[in-house]
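Dear colleague,

I am handing over the structure we spoke of, with the sequence alongside. Please open it before reading on, as the notes below are meant to be followed with the model on screen.

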Amino acid sequence: MRGTLLTWTNVARVKNLAIQALHIAVQATKQMDIRNILGYFDVVLRELIDKALFSAIFKEYDTPVEGFFIR
């Protein structure tokens with residue numbers, strides 16, 4: 001299918017982010033008292049996905065904003 005958000009490269013990227021979130025969650029249990037490990041994993045995974053998506057979007061718009069304003 002063309003134009004779908006979930007392509008094979010995105011699936012692989014999300015799998016890598018899930019593994020990274022699992023590592024972060026396990027390491028956090030060693031340092032903090034976490035009552036709900038699944039909830040903590042979910043929050044970490046959402047943050048990683050948000051950062052990955054927004055960093056890819058903002059790389060496309062790499063122009064400085066100062067040039068657009070008239071003084």
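What follows is a summary of what was found, going from the whole chain to single residues.

Please keep in mind throughout that this is a predicted model. The protein chain contains 2 helices and 0 strands, and of its 71 residues 10% are buried. Its accessible surface amounts to about 6800 Å², and carbon and sulfur atoms account for 62% of that area.

The largest nonpolar core consists of 5 residues, namely Leu 17, Ala 21, Val 44, Leu 45 and Leu 48. Helices α1 and α2 are the elements that contribute two or more residues to this core, and α2 supplies the largest share, with 3 residues.

Ile 19 is classed as partly exposed because its relative accessibility is 48%. Val 26 is likewise located in helix α1, and its C-alpha atom is separated by 8.2 Å from that of Ile 37, a residue 11 positions away along the chain. With a relative accessible area of 40%, Val 26 is also counted as partly exposed.

As for charged side chains, how many salt bridges does the count give? The count comes to 1 salt bridge, and the partners are Asp 42 and Arg 46, whose side chains meet at 3.1 Å, taken from N to O. Both residues sit in helix α2, which spans residues 37–60, and they are 4 residues apart, or about one turn of the helix. Side chains of opposite charge can pair when their charged atoms come close. The two partners fall into separate accessibility classes: Asp 42 is partly exposed because its relative accessibility is 33%, whereas Arg 46, at a relative accessible area of 54%, is exposed because the cut-off for that class is over 50%.

With best regards

How values were computed
Residues are numbered from 1 along each chain as its sequence is written. This is a predicted model: local features need pLDDT of at least 70, side-chain atom pairs count only at pLDDT 80 or more; totals for chains, interfaces and linings use all residues. Side-chain values use heavy atoms; hydrogens and water are left out. Buried means under 20% relative accessible area, exposed over 50%, partly exposed in between (1.4 Å probe, protein chains only). Accessible areas come from the Shrake-Rupley method with a 1.4 Å probe; for residues, only the protein chains shown count as cover. A salt bridge is a side-chain nitrogen of Lys or Arg within 4 Å of a carboxyl oxygen of Asp or Glu. A nonpolar core is a set of buried Ala, Val, Leu, Ile, Met, Phe, Trp, Tyr and Cys residues joined through side-chain atoms within 4.5 Å.
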